Amino acid sequence: MSLFRSKIIFALLTIVSIQTLSGFDIGDIPLQDEGRIKPLDTFARNHLLAFYGKRSVKELDLTATDWLMNLILDPQTGRDQRVFNIRNPEVASSLFLEWTSDHKYSFNEIVPGLSEQSSLLGIIDQKDINSRTIFEKQLYELSQNILRFEEISYLKALRFIPPDHHTRSEEWLSPFDFILNGFPANDDQEKILNSLQVYLASRLSGEVLKMDSALTVYRSALSSFPGQDIDINILEKETWMNRANLFYISLGLYLMAFIFLSFSWMVRPIFLNRISYLLMISGSIFHAYAIYIRMHIMGRPPVSTVYESIIFVSFIIMVLAIILEYFRKDGLGIFVGTVSGSIFHYIGFSYASDGDTLGMLVAVLNSNFWLATHVTTITIGYGASLMAGCVGHLYLIQALRENVNSASLKSIFNNLFGITLLALFFTLFGTILGGIWADQSWGRFWGWDPKENGALLIVLWQLMMIHMRLSGLARPAEFALGMSLNNIIVALAWFGVNLLQVGLHSYGFDDGVARSLFIFIVFETLFCFGVYYWPNIKMRFESR
Amino acid sequence: MIVKTSLMKIITSPKVFSYTVLWLIVLVFFGTVAQKDIGLYASQVRYFSSYYFLIGGFLPLPGGRLALLLMTINLASSLFNESLWKVKKTGIIIVHLGGLLLLLGGGITAQFSTEGNMVIAEGETSNHVDDHFDMELAFVNTSRDDSLEYTVFDAPLLQDGNSINYQKFGIQIDVISHMGNVRIESRISPTESIYKGFLKDFVILPIQPHKEATQNRPGIILKLSGLSEEEDGIYGIFLGQRTPDTFDINGDLFFTEFRRKRTYLPFSINLLDFEKVMHPGTNVAKSFSSEINLIEDSIPRRVLIQMNEPLRHRGYTFFQASFIDGLDNETTVLAAVKNYGRLFPYVSSIIMCIGLLIHLLMRLPKMLERQK
């Protein structure tokens with residue numbers, strides 16, 4: 001065991017040392033995009049993700065930053081690289097493209113077709129976003145991507161240079177603005193432009209030492225730029241986070257923990273269970289660290305977008321699972337934690353594939369004490385509710401194998417009831433805090449809007465289950481069934497409400513989230529009622 | 001006596017609570033889904049702020065207000081249950097007291113709070129709040145020397161079929177139709193002479209109310225009599241009408257205005273500057289703010305109202321709600337709210353929080369019970 005512990009410490013040390021050793025790299029240089037200052041690496045990754053569908057070009061063995069640099073230095077070759085992923089054969093055929101097996105196309109292949117379709121694109125542009133068909137949306141998105149690609153290739157989209165501190169503008173400028181639009185550059189801006197130019201020239205000629213020294217000049221020019229408070233440390237942290245893929249590491253550890261747990265049911269239960277527990281804890285440490293870094297970079301509370309709520313909810317479940325396992329020591333906590341933690345990581349990855357996960361927020365969501373506490377509390381509530389749901393599932397399954405009065409079933413029920421109370425605590429106060437935030441921001445505590453009602457549904461459901469149990473309307477098995485079904489309510493409040501707002505009808509069940517949600521609800525309903533009624537069903541079959 | 005105790009038992013039973021909550025769950029679910037089609041305000045009126053509503057036009061079902069009232073009674077009476085008053089239930093008692101307080105606060109807010117909008121253009125001053133939903137009809141006398149004299153008929157008087165006999169003017173107003181949302185169309189062929197003013201050339205047609213209640217343009221069709229042979233007839237007025245109809249009443253020149261119901265404030269607000277800031281290089285708003293002068297007893301005081309930073313004054317709270325872009329000046333929309341129940345959620349959540357914490361701590365040993 002000590003060997004294992006030292007391995008984990010070694011792994012952590014390696015990560016820390018990577019972080020401190022790496023110097024200022026081209027991927028770290030800041031630019032302004034989508035309202036925030038981000039490192040070039042993030043910019044390149046997100047754009048490559050939008051064009052190509054992945055964050056690096058595997059076929060050419062290029063990182064996102066290298067791909068972007070190559071595009072700038074040699075646009076001719078870049079335009080022939082097949083980096084546009086067209087997933088819809090209709091879109092490909094409308095652009096007179098042959099539908100290939102890898103459906104990747106180059107800029108030069110797509111542009112002639114697009115210019116043929118310019119009148120169609122004009123019509124789509126006039127249309128309301130919600131009334132566009134999938135084909136129209138994808139074609140339009142492709143045309144936007146092509147424009148963006150071109151803007152990147154001649155440096156127009158790359159707003160590297162901070163504004164003059166005498167102007168009140170907060171908008172950064174691109175080299176294009178200075179060189180082609182003839183903006184006058186002040187001395188500080190000149191310094192940055194020059195070192196960038198030196199870097200690009202030496203990169204083209206392959207002089208590594210010159211590249212490094214250009215970056216050093218670039219860095220010092222940035223940090224001494226008047227009126228700008230650029231924290232290069234934070235930029236470096238972000239590129240490091242992009243590379244480190246902490247969530248993949250924690251997912252790997254959760255999966256390993258699950259495998260060890262499965263083995264522990266066959267051989268050496270105590271020893272393997274301990275290992276599995278440690279793996280789960282170390283996975284959670286990576287998980288927590290990743291959340292912490294994101295908070296550090298954006299300077300905001302852990303949850304403000306749906307993506308962040310997913311990773312935070314799964315973290316809460318992990319914490320509760322660790323506590324549960326600490327007291328039970330029978331693998332139940334590990335089972336619940338690793339399974340749900342892994343599932344949530346996968347859901348998170350699918351959300352992350354939409355683009356930048358560190359987006360800016362609209363005005364009303366910006367920096368407010370009540371909002372921060374409300375969202376964090378309610379998200380903890382979601383996590384605890386789902387945890388209760390998972391334990392409820394386990395109770396139902398366990399009830400198939402054991403007598404209702406068995407000690408183990410009773411102890412699972414006690415855990416379930418306790419977690420439900422905990423969940424009620426957080427959902428109730430999360431909801432009230434949400435009301436208080438609404439009172440602070442809009443002057444009404446409660447307005448029956450979908451998001452509020454979603455949270456209220458969870459609270460009411462849990463209140464109902466607890467009172468049903470206390471009044472004897474529900475036995476432990478019914479309580480477990482109710483809390484298992486609570487998962488559906490949580491999913492509806494969490495994801496369903498957003499669908500209601502963007503328009504369930506216009507998207508139908510074509511929309512991925514709606515479909516997944518629907519499948520989840522059907523599956524959960526069938527599973528919970530199936531397991532609950534299984535003894536009756538079985539008895540009926542046997543009596544025949 | 002037996003009847004009384006058994007009735008008491010039913011009223012205080014947690015079973016009643018469970019069923020009430022179940023009904024609320026059903027209501028909240030359908031009331032939320034319905035918002036997709038009928039909008040938030042209509043769904044709120046139908047499902048949540050009502051004592052009952054009709055399904056299919058004949059089957060009455062309990063509405064949200066009735067369910068919450070029942071819940072409040074159940075909760076209040078359950079506190080008289082002797083079996084509750086035990087030391088180990090301290091936390092539970094506190095939680096329920098807090099819950100009761102929350103429900104009472106909700107009741108007070110629902111009954112007594114008012115909300116509306118204050119719309120002020122840059123450089124202008126206003127001292128009244130426009131109601132979100134209720135309308136009023138004003139007759140404005142323009143023949144006074146130095147001021148306009150307003151005679152205002154309030155919303156309850158303006159229901160369909162209502163007849164107002166106003167002695168002071170010697171006129172009678174019959175409300176033919178009060179419409180929540182209207183469309184204006186010009187007449188193709190000349191009309192009967194009974195239609196006067198604006199209605200001579202246009203028709204006012206009712207249309208489906210907008211999902212966003214504040215987007216509606218309400219209108220009203222009136223029959224006026226007692227003016228003069230020429231002027232007696234049917235008139236149409238709507239919100240935001242540019243050229244109102246005019247009449248001669250007892251020698252004075254009047255015009256009409258159909259406007260959102262106004263509540264006058266004991267102070268006024270002058271908008272100095274409205275500012276919106278975008279996240280650089282995007283169309284995403286970072287912040288909105290209104291710089292105003294709060295003028296009371298002719299003494300101005302400068303205040304900055306921002307998103308999440310409202311102005312609270314004399315029981316009113318003003319929030320940055322929206323804005324209207326103009327060519328050379330902007331107009332701010334401040335939401336104004338007067339809510340007597342606003343402190344209840346704060347107090348009750350603290351009470352409930354303490355109660356639940358006490359209960360959780362007392363339960364902790366059992367909750368974490370290990371498998372033997």
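How many residues of chain B are in contact with chain A, and how many of chain A take part? In this predicted model, 52 residues of chain B are in contact with 53 residues of chain A.

## Where the chains meet

Let's start with the chain B side of that contact.

By residue class, the side of chain B that touches chain A divides into 27 nonpolar, 15 polar and 10 charged residues.

## Nonpolar cores

The largest nonpolar core has 123 residues, and the members that touch the most other members are Ala384(A), Met387(A), Leu416(A) and Leu460(A). Helix 18 of chain A (residues 407-442) brings the largest share of this core, 19 residues.

Met387(A) is a handy place to look around. Leaving aside residues up to four places away in sequence, Met387(A) touches Ile317(A), Leu320(A), Val336(A) and Ile419(A). A second, separate core holds 41 residues, including Ile26(A), Val57(A), Ala64(A) and Ile161(A).

## Domains of chain A

Now to the way chain A is divided. Its domain assignment gives domain 1 (26-233), domain 2 (245-356) and domain 3 (368-497). Taken over C-alpha atoms, the centres of domain 2 and domain 3 of chain A are separated by 21 Å. The contact between these two takes 14 residues from domain 2 of chain A and 15 residues from domain 3 of chain A.

Which helices of domain 2 of chain A each supply at least two residues to the side that touches domain 3 of chain A? They are helix 15 (306-328) and helix 16 (332-352) of chain A. Helix 15 of chain A gives the most, with seven residues. On this side of domain 2 of chain A, 11 residues are nonpolar, three are polar and none is charged.

## Domains of chain B

Finally, back to chain B. The domain assignment here gives domain 1 (2-85) and domain 2 (132-258). The centres of domain 1 of chain B and domain 2 of chain B, again taken over C-alpha atoms, are separated by 41 Å.

Key. Residues are numbered from 1 along each chain as its sequence is written. Chains are lettered from A and ligands numbered from 1 in the order in which they are written. This is a predicted model: local features need pLDDT of at least 70, side-chain atom pairs count only at pLDDT 80 or more; totals for chains, interfaces and linings use all residues. Two residues are in contact if their C-beta atoms, placed from the backbone, lie within 7 Å. Ala, Val, Leu, Ile, Met, Phe, Trp, Tyr, Cys and Pro count as nonpolar, Asp, Glu, Lys and Arg as charged, and the others, Gly among them, as polar. A nonpolar core is a set of buried Ala, Val, Leu, Ile, Met, Phe, Trp, Tyr and Cys residues joined through C-beta atoms within 7 Å. A residue is buried if 20 or more other C-beta atoms lie within 10 Å of its own, exposed if 12 or fewer, and partly exposed in between; C-beta atoms are placed from the backbone. Helices (H or I, at least four residues) and strands (E, at least two) are DSSP runs, numbered from the N terminus. Domain bounds come from an automatic or database domain assignment.
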